[in-house]
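This short report looks at a pocket and at the charged side chains beside one another in a protein model. Please keep the sequence and the structure in view while you read.

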Amino acid sequence: APASGGEGGAGGAFVLVNGTNADDLSDPTRLGLLAAAEHAVLSPIATLPKLAVRLCAREAGLRNWDLAASPCLRSRLALG
């Protein structure tokens, strides 16, 4: 099912977004990016490098702005 323009839980349209940043796009092990593209998931901060995202989060007062990344289990397995 497409991520945008579909039926939401209350019968309304929904849009899926993720937190992909520019640094993520250069990582060939991020297979989830392919799935996101196939399902029209939006990546609104994909043009920003990770440092810029962290600085924006700090400016917004988010307490987790400098926490270490917590990648999914797939990133810990050998590719192939």
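**Residue classes and the model**

In what follows, Ala, Val, Leu, Ile, Met, Phe, Trp, Tyr, Cys and Pro count as nonpolar, Asp, Glu, Lys and Arg as charged, and the others, Gly among them, as polar. This is a predicted model, in which local features need pLDDT of at least 70 and side-chain atom pairs count only at pLDDT 80 or more, whereas totals for chains, interfaces and linings use all residues. Residues are numbered from 1 along each chain as its sequence is written, and side-chain values use heavy atoms, with hydrogens and water left out.

**The largest pocket**

A pocket is an open set of points on a 1 Å grid over the protein atoms alone, where a 1.4 Å probe fits, with protein on both sides within 12 Å along at least five of seven lines, and its lining residues have an atom within 4 Å of a point. The largest pocket holds about 710 Å³ of space, and among its 27 lining residues Gly19, Asn21, Asp24, Arg30 and Lys50 are the closest to its centre. By class, the lining comprises 12 nonpolar, nine polar and six charged residues.

**Salt bridges**

A salt bridge is a side-chain nitrogen of Lys or Arg within 4 Å of a carboxyl oxygen of Asp or Glu, and the structure holds two of them. Arg30 meets Asp24 in one, at 3.2 Å from N to O, while Asp27 forms another with Arg30, with the closest N and O atoms 3.7 Å apart. Through these shared partners, Asp24, Asp27 and Arg30 are joined into one network.

Technical notes:
Points joined across faces, edges and corners; volume = space filled by probe spheres on them.
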